[in-house]
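Q: Could you go through this model with me? I would like to start with how the chains meet and then go into the details.

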There are 2 protein chains.
Amino acid sequence: MNGAQALIRTLVDAGVDVVFSNPGTSEMHFVAALDDVPEMRGVLTLFEGVATGAADGYARMTGNPAAVLLHLGPGLGNGIANLHNARRAHSPVVNIVGDHATYHHQHDAPLQSDIGALASNVSTWVHTSSDPETVAADGAAAVAASLASPGGVATLILPADVCWGDGGVVAKPVPAPNPLSTNADLITRSIAVLQSGEPTALLVGDDIAGDPELLAEVAGLAVATGARVFGETFPSRMRRGAGLPGLERIAYLAEFAQMQLEGLVHIITLGAKSPASFFAYPGKASDLVPEGATLIHAVDPGGDVRATLAALTSAIGSSAENAPLVAAFRPEPPTGPLTGETLAAAVAALLPAEAIVADESNTTGLWLPGATAGAEPHDWLSLTGGAIGFGMPIATGAAIACPGRRVLNLESDGSAMYTLQSLWTQAREGLDVTTVILNNRSYAVLNLELRRVGATPGPAALAMLDLSEPAIDFVLLAQGMGVTAERVSTSEDFYAALERSFATPGPSLIEAIVPNSF
Amino acid sequence: MNGAQALIRTLVDAGVDVVFSNPGTSEMHFVAALDDVPEMRGVLTLFEGVATGAADGYARMTGNPAAVLLHLGPGLGNGIANLHNARRAHSPVVNIVGDHATYHHQHDAPLQSDIGALASNVSTWVHTSSDPETVAADGAAAVAASLASPGGVATLILPADVCWGDGGVVAKPVPAPNPLSTNADLITRSIAVLQSGEPTALLVGDDIAGDPELLAEVAGLAVATGARVFGETFPSRMRRGAGLPGLERIAYLAEFAQMQLEGLVHIITLGAKSPASFFAYPGKASDLVPEGATLIHAVDPGGDVRATLAALTSAIGSSAENAPLVAAFRPEPPTGPLTGETLAAAVAALLPAEAIVADESNTTGLWLPGATAGAEPHDWLSLTGGAIGFGMPIATGAAIACPGRRVLNLESDGSAMYTLQSLWTQAREGLDVTTVILNNRSYAVLNLELRRVGATPGPAALAMLDLSEPAIDFVLLAQGMGVTAERVSTSEDFYAALERSFATPGPSLIEAIVPNSF
């Protein structure tokens, strides 16, 4: 048994049975070993950013890591942006980066570079395997490291000769180190604040946003104390819809966020970070905590959110049963020219139960959260890390993770062009993904941001944000990768196209021509 | 004057007047300042790997840096692979990476990461600007650093508030530190070897491969001493064609390279690295220097190649006038089914004078160097760093650098899918680029490598190398980005399509269906 065979067998034994791949020569023995461990499913992608984003989507939906197989430093570079998003989403990912054979390094061959330096940017754990005998144990350790609370990217650098060398030893799964902690002092202070009657907000992180039971506990707490509840701007996964507790997210635009938080005297975070603006703007505050307000991090991301919440509800005597639940609501099919608003209405009218929404709708998506709040229960994945090009890969990984559920990828035109190769993998694997391209033929968010940062744009600047010359034809691009596609520009046509796509197995794409929302 | 305005003015004054851009919010003031310095040409790309590859192509053709404008760590990540290629090609690049405002870092906003760690992988110089007063001087230093012999990537990390803050001061250009050096001892030893009459090879690097005058000096030396001359496997730029000295490159496949170098007793490198195989293979040597042969690095990359060569030719008494020159040769238009061999013949028959070939033809390109050797003089850019996805961006940058010259991008299907967004920039800028997709519907090089590394592939492994399901339609993909395209599968049709493309201003694409060469 060689190192690669032992490693893959160990990964499968530890519950990692999908590998999103983009291999090269140095990974050929790993690829060859896929036939020796048929439980491992290899999913080929045409670009590393698709592979890493798919692993993020897979992890968000399952809570378990997929593996990624990348080719040396440049391959890791291509995957960095979506590993960054995975890092911010605390998604467990086993990130395997093939390297030259150990003895080949001395030659500084053309593809050699400092893989560790790249990996350090996105990883909670980085290790280079040294021999076939121990590589499988390294793999088991990588799985555990990826699952260490709150979850992260574990990078295993895998020299080619470690793969091909004989003497591989299958390793047992390693329990993930999860030293979930609570802090009695912070809990006591939080209780005092909640009992004070002063204006207080509970800011909840991903553990709660993705779990309706925990969210109901928080909502019950709010009902009992008069506190308000907010979610972070881009939760990694929200569980939402009719009959579930709702969650108001902090707005992306700092000025709106400030309005949301205005007047608060206390903010208690529950597995969330302190609210701060996405970007800095001249003369505007980065810190969104109202001046003078106290901030209590009752429990950090990765801490024991459940126990902390139990301590709070017990002290307050609140009940999840008092949590207000969202009423079922479906808008009527919209009519007239297609806009961001009518697009949201059509999505809300048709969204199937247990749909998974991969949301990279950016500016055009403004109306989506409101419109879809009362749809059948579904999951909503958002751009936690802010690195665009996330939606199409994450939709791909979510579909691999959840066969039988419809994935709806709402994707802005500019962002789509980063990782469009995802469509090919969707076609190849026959994934039930509906991609809606929100095509306003511009980097609309930058048109907005250009004004918000106080810059005065001239024609040269505006040209840098314009995607209309030439106009991108997403129908042709999708068809070119084997995905059926159509273009619409009215609400009626969009509604009909979306209904058709939801009813048709496999991937399809709708190019929705929408004017700029701002 | 703000920091961004002063920086751009300084870059232009230092000769950097093109910026390949993929900006985000943190770069909006840099973008806005483009209108204040109209000499700076902003070239928008849809993906960072296009921007960085284009800068590499620009540098290879001009010897001068272009600037690149990227968005934070994830944007740099997307650009890493082609910055890696630029690093290996010693291409000067001023790599500007926007960052959050200095005071925003404390909030660890979603897009924050360790930009410096990423940059260190590819840069010879990394600096973070601290204030508007000194950022322009930092820019001048970056230009100089990029040009420091032998050339490299200078990364300037640019916080948003440094751009938007007042007090910018235009800085004067800084001379590049070029401590070109010769080594008298190594020269003396090289002369002795050349005079020994023992089997000797001169292995020349990029400075010589791109300069017919220097190459003629080397060829003259070879004639006078009986030495042989080789180029590196993937020179960054070769100047070649009828009436110029030829250059035999060391083969990519180590077993062929060993045959080329067999029997040599001495190897003298002139601005080249010691020959080593691209990858390691089980049981095969990585070091290509024949056993027992002496290796003399007469001058390292970045040293004074010209002076070293002058010392050698003077001591030997050789003359560039004795260099054998390649005879003009044009194959007849090929007929029959399109193959790698007939494709090469058609290219050779039609290649215009002063064409620039961006070669990412991989396996299908085996016959190209031989077939085109006697074409009209042209430049040939190859995959120096080995990171695929280089051809289409480099063609884009070369076309920006050299208006009026036809760029021919010979691009394998698998590699094309990495940075296909290049086509949009080619259409937008109206660049005279002919892209030929060599479509064998597989990662053919990996089919070859899988067997070479000694792996025994089963169906799961072979599936990871197969691009036929679904087949990618490059005609649709090109049309989707505004580039005219057609598909051919016979030699006659390919010849006609290539002739049409060469005669038509602006970009066009030919999808050439060719069977696997191996």
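**Chains, domains and strands**

Q: How many residues of chain A are in contact with chain B?
A: The model is a predicted one. In it, 83 residues of chain A are in contact with 83 residues of chain B.

Q: Which element gives the largest share on the chain A side?
A: That is helix H4 of chain A, residues 72-88, which provides 8 residues of the side that touches chain B.

Q: And by class, what is on that side of chain A?
A: The side of chain A that touches chain B has 48 nonpolar, 26 polar and 9 charged residues.

Q: What rotation superposes chain A on chain B?
A: A rotation of 180 degrees does so, with 0.0 Å of shift along its axis and an RMSD of 0.0 Å. This is the relation of a two-fold axis. Both copies use the same surface, as 100% of the contact residues of chain A recur in chain B.

Q: Changing topic: what is the overall build of chain A in helices and strands?
A: Chain A has 21 helices and 18 strands. Its C-alpha trace spans about 65 × 60 × 45 Å along the principal axes.

Q: What does the radius of gyration of chain A agree with?
A: It agrees with a compact globule: for 518 residues such a globule would have a radius of gyration near 24 Å, and chain A has 24 Å. Buried residues account for 64% of the 518 residues in chain A.

Q: What share of the contacts in chain A joins residues at least 24 apart?
A: The share is 81%, taken among contacts between residues at least 6 apart in sequence.

Q: Which domains does the assignment give for chain A?
A: The domain assignment gives domain 1 (3-164), domain 2 (184-322) and domain 3 (340-513). The C-alpha centres of domain 2 of chain A and domain 3 of chain A lie 29 Å apart.

Q: How many residues of domain 2 of chain A are in contact with domain 3 of chain A?
A: In domain 2 of chain A, 16 residues are in contact with 17 residues of domain 3 of chain A. On the domain 2 side, strand S9 of chain A (residues 238-240) gives the most, with 3 residues. The residues of that side divide into 8 nonpolar, 4 polar and 4 charged.

Q: What is the strand order in the open sheet of 5 strands in chain A?
A: The order is S10-S8-S7-S11-S12 in chain A, with parallel pairing. Strand S10 (248-249) and strand S12 (294-299) of chain A are at the edges with a single partner strand each, so one side of each has no neighbour in the sheet.

Q: How many bridges join strand S7 to strand S11 in chain A?
A: There are 5 bridges between strand S7 (residues 200-204) and strand S11 (residues 266-270) of chain A, and the two run parallel. A:Ala201 stands opposite A:Ile267 in S11(A).

Q: Over to chain B. Why is strand S3 of chain B described as largely enclosed?
A: In strand S3 of chain B (residues 66-71), 6 of the 6 residues are buried, so the rest of the structure largely encloses the strand. Both faces of S3(B) are covered, with B:Ala66, B:Val68 and B:Leu70 buried on one side and B:Ala67, B:Leu69 and B:His71 buried on the other. In a regular strand, side chains alternate between the two faces of the sheet.

Q: Which strands pair with S3(B)?
A: Strand S1 of chain B (residues 18-21) is joined to S3(B) by 3 bridges and runs parallel; B:Val19 has B:Ala67 as its bridge partner there. Strand S4 of chain B (residues 93-99) also pairs with S3(B) in the parallel sense, over 6 bridges.

Q: What stands opposite B:His71 in S4(B)?
A: B:Gly98 stands opposite B:His71.

Q: Is B:His71 buried or exposed, and what does B:His71 touch?
A: B:His71 is buried, with 26 other C-beta atoms within 10 Å. Leaving aside neighbours within four places in sequence, B:His71 is in contact with B:Asn22, B:Pro23, B:Gly24, B:Ser26, B:Glu27 and B:Gly98.

Q: Last one: where is B:Leu383 found?
A: B:Leu383 is in the loop between strand S14 (378-381) and helix H15 (391-401) of chain B. B:Leu383 counts as buried, with 25 C-beta neighbours inside 10 Å. Not counting residues up to four places away in sequence, B:Leu383 touches B:Phe234, B:Glu360 and B:Phe390.

How values were computed: Residues numbered from 1 in each chain as written. Chains lettered and ligands numbered in written order. Predicted model: local features only at pLDDT ≥ 70, side-chain atom pairs only at ≥ 80, totals over all residues. Contact = placed C-beta atoms within 7 Å. Helix = DSSP H or I, 4+ residues; strand = E, 2+ residues; numbered from the N terminus. Nonpolar A, V, L, I, M, F, W, Y, C, P; charged D, E, K, R; others polar. Domains from an automatic or database assignment. Rg over C-alpha atoms; globule rule 2.2 N^0.38 Å. Buried ≥ 20, exposed ≤ 12 C-beta atoms within 10 Å, placed from the backbone. Least-squares fit on C-alpha atoms with pLDDT ≥ 70 in both. Pairing = 2+ DSSP bridges.
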